[in-house]
Amino acid sequence: MVKVSVLVAVYNASGYLPHCLDSLLGQTMRDVQVICVDDASTDTSLSIIQSYAQRDARVEVLALSVNHGQAYARNQALAHARGMYTCFLDSDDWLAADALEQVVSVFERDSEIDSVLFDCRYYYSPDRIEPYPMPDFGVIPGKQAFEESLSWRIHGVYAVRTPIPLRFPYDPTCHSYSDDNTTRLHYLASRKVATSGGIYFYRQHDASVTHQVSVRRFDYLRANAGMRQSLQRAGVSRRILSLYENERWRNVVDMYLFYWRHGKEMSADDRVVALGVLRSSWGSIDTGALIPRYKYKLGYFPCRCRLLPDAVSWRLFTLQANVYFFLKRLMHKI
């Protein structure tokens, strides 16, 4: 059996693909399956990965005729995975030469370790490479890793024993962000989660959705709602659901702040969509699960009341949030 299957979702990444694929084919551990899925690229990405496949049998290529997004593409790759362990590598990122060897050595150290995190490094430029600010926790239970991932105290760049992603494939409901859900479910399904010294270089650039003023940013809240449903289907405890509901509420407030700051830079139609997602997310929060500092704090008070029409409650929430953000700006805190 192949040791590691690497899922590479590709979309218009021709400028970065050679570096990405060279880093995989140059791994010190040779027993690697590289599954590239071209998500209907409009540049030369498909021809690049096809040329690599012609030169190295470890590279397999799937080509989609319609763009579906990263999660869908990863699932197409996952269906072909033959490795004992599976990880992803974004097409603009790359691995240090011994990264997979180091990850596999951690798996083989303890048969109960089901997920292993890479040593994630943010790459801004050759002169600026920064480590993800995360403690080297060694080994922790999967449930603890899940809880730590809710606020991304630990990151989501990892390898996992292949039966887990086959059980919990990537969530394709949103074009962006839904892979966060899958990471957390994989940690939750793991008996143990560990760190490794295998370095993953995570390229930071302005083309990323997370660096743009775009209505797609609000997919994050849709992905959060999908995660809540996944946790409910998995039958997790009320404590875990409450932990996630508080994280989800923080995200609603954060995304309303994003709208408050950047709404005027969006088109009228996109503003309607963004407010619709915000209002739907606000209305779906289980306010009974919120801790006092989020339930009663200015800016975070949900203002939901059965005695008031929903439209009035929503208006009250936005008014007090606007006041909170304005006061924070006066104090130069946002």
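The legends below describe close-up views of one predicted model. Residues are numbered from 1 along each chain as its sequence is written, and side-chain values use heavy atoms, with hydrogens and water left out. Because the model is predicted, local features need pLDDT of at least 70 and side-chain atom pairs count only at pLDDT 80 or more, whereas totals for chains, interfaces and linings use all residues.

View 1. Helices α7 (179-189) and α8 (219-234) each supply at least two lining residues, and the largest share, six residues, comes from α8. Helices (H or I, at least four residues) and strands (E, at least two) are DSSP runs, numbered from the N terminus. The lining comprises six nonpolar, six polar and three charged residues. Here Ala, Val, Leu, Ile, Met, Phe, Trp, Tyr, Cys and Pro count as nonpolar, Asp, Glu, Lys and Arg as charged, and the others, Gly among them, as polar.

View 2. T183 lies in helix α7 and is buried at 5% relative accessibility. Buried means under 20% relative accessible area, exposed over 50%, and partly exposed in between (1.4 Å probe, protein chains only). Leaving aside neighbours within four places in sequence, T183 is in contact (heavy atoms within 4.5 Å) with W152, G156 and Y158. W152 follows helix α5 and has a positive phi, near 55 degrees. In α5 (residues 142-150), the buried residues are G142, A145, F146, E148, S149 and L150. Their cover includes β8 (139-141), α7, β10 (192-203), α8 and α9 (238-262).

**View 3. Two nonpolar cores.** A nonpolar core is a set of buried Ala, Val, Leu, Ile, Met, Phe, Trp, Tyr and Cys residues joined through side-chain atoms within 4.5 Å. The largest has 71 residues, and those with the most contacts inside it are V6, V8, V34, L100, F118 and L231. Beyond neighbours within four places in sequence, V8 is in contact with C20, L24, V34, I35, C36, V37, L89 and S91. A second, separate core of 26 residues includes F218, M266, L278 and Y294.

View 4. For C20, the nearest cysteine sulfur is that of C36, 7.1 Å away. For C87, the nearest is that of C20, 10 Å away. C20 is buried, with a relative accessible area of 0%, and C87 is buried at 2%.

**View 5. Two loop residues with positive phi.** A40, a residue other than glycine, has a positive phi near 60 degrees. A40 lies in the loop between β2 (32-39) and α2 (45-55) and is buried, with a relative accessible area of 16%. C303 also is not a glycine and has a positive phi of about 60 degrees. C303 is placed in the loop between α11 (292-295) and α12 (310-330) and is buried at 9% relative accessible area.

Technical notes: Disulfide = S-S within 2.5 Å.
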